[in-house]
Amino acid sequence: MATVQHSNPDMWGPLDEYDERVHSRQLRDDEHQRTIVQTLQDLHDMLINYHAPKVVHPSIESLMPPSRSFLGSILHPKPKKKRTQLPNKLPKGLYMFGDVGSGKTMLMDMFYDTLPHNITSKTRIHFHNFMQDVHKRLHAMKIKYGTDMDAVQYVAADIAEKGSVLCFDEFQCTDVADAMILRGLLEALMSHGVVLVTTSNRHPDDLYKNGIQRASFVPCINLLKTSLRVLNLDSTTDYRKIPRPPSGVYHHPLDKAAVSHAEKWFRFLGDFDDDPPHKATHQVWGRDIEVPRASGDAAMFTFDELIGRATGAADYLELTRTYHAFIITNVPGMTHRSRDLARRFITFIDAVYESRAKLVLSTEVPLFQLFMSVAEMDEALEAGRKDGSVKHEEDHEGVDDVMRQMMDDLGMSMNTLKNSSLFSGDEERFAFSRALSRLSEMGSQEWVERGLGMEHRGGLDEREGWQRVRSRWREDSM
């Protein structure tokens, strides 16, 4: 087998290993698999300059419950629970799922074996064995210090000391004891700077299906979906035989992987062969709308190029008559200081939704933080607690289950969010909640694949049928 020598060994990454195996005919070059390997390469490149922070163990005292005596409750009131903060420079890990034979083990081998040399401590372990070890450690801690202590935090710090990159094979949850501690354990590991990479047979949404007290496990599912990049290893293609990108249409944060995320989706939704990317100009009421990159039915903008300019509903409607897919990059988190941008972006979201077009985003923050910073959320939450408006069981109208669970996990209600200082008046509050709901719906597999001619949905016939539906919509909206 031929070997290519690099003067810098860190330059040899998963993509080099994949090319080497293709060249030596150990593997057949597969476009979908190559896309997955490129995602592994993106993480490899981010890890080259990554140095995990020093692990700081919590004190035993801080993990013990407060005194329950009347005098103790007065002298030592229960401290407000702090939200776990992840390091700003923590590279986003990966969650790779697929059926038997999808190459999970081989891909994990490529990633783990080519980790940069600065990652001096790394661990790879079968998830079942990992959880057995965790429960043994927890048992020992509770025998020593009592059953009331929060031993998960201490055990997580111990594990973090042994590896800044932690790779799990076959992530699953079949036991209620695992389900109860996983969210806190994984979040604590990441708070110490541990980068998680895992394989699984199931999408996070399908973990612990029908398990006892599954509602208590949902926060862990949301953590996996927001803190790791979820990749589908099972290849699906459209009528052109082009593999669909393995990740969802939304990506955060704005790291190296965000660039390849946008490019992969632009290539898939556009038509690079017959209509290579180019600039385009459209007119609305005598004004020019510049499209920096267009290909086929897809248009690509940065947030500033589309929303940062003086654009409005008429511009967005004209664009949705021409394009069926939009890739918007570098979307910032918006606070009360960027109210005009938030309003414009919500108007754009409405136009894309009502035209049934596709929307791909790379964002600075998770979706549910797009219109409110963490500080604003905390402020709104505290105000809601004081006036009694924050109740965990309260309805979150206009938001689907995924978004509602995320907000439940924060202890927030839809009313709390809508009462943010970012929006003034009932109409803006309604537009805000509707935007969250629509973003969530447009991120679903059903929405993304509809009209693309995916082979499992009917191929070219399905695409042509959807084009007729959209043609009628364009006629009605003229």
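Reply: The accessible surface of the protein comes to about 23200 Å², and carbon and sulfur atoms account for 50% of that area. This is a predicted model. Its 478 residues include 48% that are buried. The protein has 18 helices and eleven strands. Of the contacts between residues at least 6 apart in sequence, 74% join residues at least 24 apart.

The part to look at is the pairing of helix α1, residues 14–23, with helix α2, residues 31–48. The two axes come within 7 Å of each other and cross at roughly 145 degrees. On the α1 side, the contact is made by P14, L15, D16, Y18 and D19. On the α2 side, the residues are Q33, R34, V37, Q38, L40, Q41 and H44. By type, the residues of this contact divide into five nonpolar, four polar and three charged.

With neighbours within four places in sequence left aside, Q41 is in contact with G13, P14, L15 and D16. Q41 counts as buried because its relative accessible area is 9%, under the 20% limit.

Two other places can be set beside this one. A298 is in strand β9, which covers residues 298–302. With neighbours within four places left aside, A298 is in contact with F266, L269, G270, R293, Y323, A325 and I327. A298 and K358 lie 60 residues apart in sequence, and their C-alpha atoms are 8.9 Å apart in space.

The other place is on the surface, where V176, M180 and I212 form a nonpolar patch. Together the three have about 260 Å² of accessible area. M180 lies in helix α7, residues 176–191.

Definitions and conventions: Residues numbered from 1 in each chain as written. Predicted model: local features only at pLDDT ≥ 70, side-chain atom pairs only at ≥ 80, totals over all residues. Heavy atoms only, no water. Patch = residues over 30% accessible without salt bridge, like charges linked within 9 Å, V, L, I, M, F, W, Y side chains within 5 Å. Areas by Shrake-Rupley, 256 points an atom, 1.4 Å probe, with all protein chains shown as cover. Salt bridge = Lys/Arg side-chain N within 4 Å of Asp/Glu carboxyl O. Helix = DSSP H or I, 4+ residues; strand = E, 2+ residues; numbered from the N terminus. Axes fitted to C-alpha atoms, helices over the stretch in contact; angles between N-to-C directions. Contact = heavy atoms within 4.5 Å. Nonpolar A, V, L, I, M, F, W, Y, C, P; charged D, E, K, R; others polar. Buried < 20%, exposed > 50% of the residue type's maximum accessible area, 1.4 Å probe, protein only.
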